[in-house]
Amino acid sequence: MGMTIAEKILSAHLVDGEMVKGQEIGLRIDQTLTQDATGTMAYLQFEAMGVDQVKTERSVAYIDHNTLQSGFENADDHKFIGTCAKKHGIYFSKPGNGICHQVHLERFGAPGKTLIGSDSHTPTGGGIGMLAFGAGGLDVAVAMGGGAYYIPCPKMVRVTLLGKLQPWVAAKDIILEVLRQMTVKGGVGKIVEYAGPGVKTLSVPERATITNMGAELGATTSVFPSDEVTLEFLKAQGREDVWVPLASDEDAVYDEEYTVDLDKLQPLAAKPHMPDQVEEVSSIGKIKINQCCIGSCTNSSYYDMMKVAAILKGKKVHPDVSLTISPGSMQVFNMLARNGALADIIQSGARILECACGPCIGMGQSPESAGVSLRTFNRNFEGRSGTQDAKIYLVSPEVAAASAIAGVLTDPRELGEAPVIEMPEKFLVDDGMIIPPAEDPESVEVIKGPNIKEFPLGHNLEDAINTKVMLKTEDNITTDHILPAGSKLLPYRSNIPYYSDYCFIHVDKEFPARCKSMGGGVIIGGANYGQGSSREHAALVPLYLGIRAVLAKSFARIHKANLVNSGIIPLTFKDPADYDSISLLDEISFPNIREEVISGAEITVVSGGKTFKAELEVSDRQRQALLAGGTLNYTKQQNA
């Protein structure tokens, strides 16, 4: 039986376990990346492991999230990350050099390699034929130290692309169509592989847009073949030496298959407040808009920006619309400036932002009250923009630019002949903003500012847990629900005690105070609990607040792993009907929790006079971590 692309890379990097779907496997990791909103915690954890130099082929620390320096906090974090990188063998991408996924694709990504990053959109690297995973910071720290990265061996999904995109239809529309077919829960436990004759018609930036938003499917990762298109991109970056061809075998077997006919695809939009609420732009109609934001790790490539510049050339942004443009990297920004496209963008009345994540994570440019914002980003969760009642639509750069001119949501096909953008034969390469590690690491002092606090640690699992329900949530709770982002809170990612006062405040504003007054307890969750970003703060902060377990209908993959890493027990209802029998502040107990975790038995739950069973679907390694109060404690015990 033949192998898929993903199975070939997994097999080549397998260091623990067997390739049996659903069973845990450990992978050797070639590259890692971090960003500054999660990086501080990851490097504190790396230091706690006592490893002097990273063991990977390449590790890169990016500054792209917390670039708004309205106080000392972000700048102090950047200083810590920079000095830590210099001391421990990590490359450091300075603020302004660009968004981690865009820069990594340009300068470091390589087909056939494994990459994990402390950001859920790390699968962007699949556009170049990498097997790239989003992960919690502790998993990244372990990989930097030479340890394996563990995942359940995933199922394989094939998405066959037929035909060719018609004018004004974009790669963003492809992934929105896949989301419409599979939903935000459809990719959980699966790797999505793109195949078919339509693949060769897509550039690497287009492929990266698609793999980037595989995170919104809940997928383990997504990947494209490495072919002549990949080689041409790498040649243009001066890195053709890292190219290897990669394709699935003709007799490879997939667990699920989907088809997207590119010839028939139309411009699409994801409506508020989920990425899978997808409808044709023409069907939604000409709703009045207030804002358009173009950029993010999904749509900020040179290819995307050139299309936007061509649409805006000689035109003006509508008087009632604010248009922002965020080039994805300094390479992109510089090339736009040199070829005149930046002047076309500026004359239109667009506002040019720095090469960073910016509005995508609520770092500035929040819409007006109840405003309608079109964004080329990857998530439109309620409140993520920084404005709780804003209505966020996810669209392609073509739709965003056309709508910014018209002042209403606009199908770009109305503009007539579409611009034709060619990929450059040679990109402008200047790695001057990527600082290599020190040749003499012993001479480097790691500097920690006053906002950088120690991260919480769990403790050995007790024989029984007797506590109360601190919160009950609905389905599809995101990490943005658990811990909001935005310019007011992101600077405190390094300060868990401060950040804890904002945990779940948009779900239940009394939650932090309740936990602190009652000593913590248990969270009851719905389906797909913890979807969204890889931020391990969504587990670390509940740990700080005394949360001992989360009992949910189902979990998103990365968040479940982060809960285990933090020593919080992720339990699922054996019978989903038991969810309805539990209410806020109910007494709840797990009378045999330690014994049942050890034995691998179902977990006994007693609540409201009712006894029922929950399931703990984790590996033997994760069971040991839970017994020790978290993966870091377990690792220290193993090393001792």
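Two aromatic rings count as a pair here if their centres lie within 6.5 Å. Keep in mind while you click around that this is a predicted model.

With that rule, the structure has ten aromatic pairs. Start by selecting Tyr302 and Phe427. Their ring centres are 6.3 Å apart and the planes sit at 80 degrees, so this pair is edge-to-face. Planes over 60 degrees apart get that label.

Together with Tyr302 and Phe427, Phe233 forms one aromatic cluster.

Now hop over to Phe504 and Phe511. How far apart are their ring centres, and at what angle are their planes? The centres are 5.2 Å apart and the planes are at 75 degrees, so here again you're looking at an edge-to-face pair. Phe504 has 0% relative accessibility, so it counts as buried. Phe511 is buried as well, with a relative accessible area of 0%.

Last stop: charges over rings. Select Tyr579 and show Lys472, which lies over the face of that ring, 4.2 Å from the ring centre. Then go to Tyr150. Which residue has its charged end over this ring? Pick Arg621: its charged end sits over Tyr150, 4.0 Å from the centre of the ring.

Technical notes. Residues numbered from 1 in each chain as written. Predicted model: local features only at pLDDT ≥ 70, side-chain atom pairs only at ≥ 80, totals over all residues. Heavy atoms only, no water. Phe/Tyr/Trp six-rings, centres within 6.5 Å; stacked < 30°, edge-to-face > 60°. Buried < 20%, exposed > 50% of the residue type's maximum accessible area, 1.4 Å probe, protein only. Lys NZ or Arg CZ within 6 Å of the ring centre and 35° of its normal.
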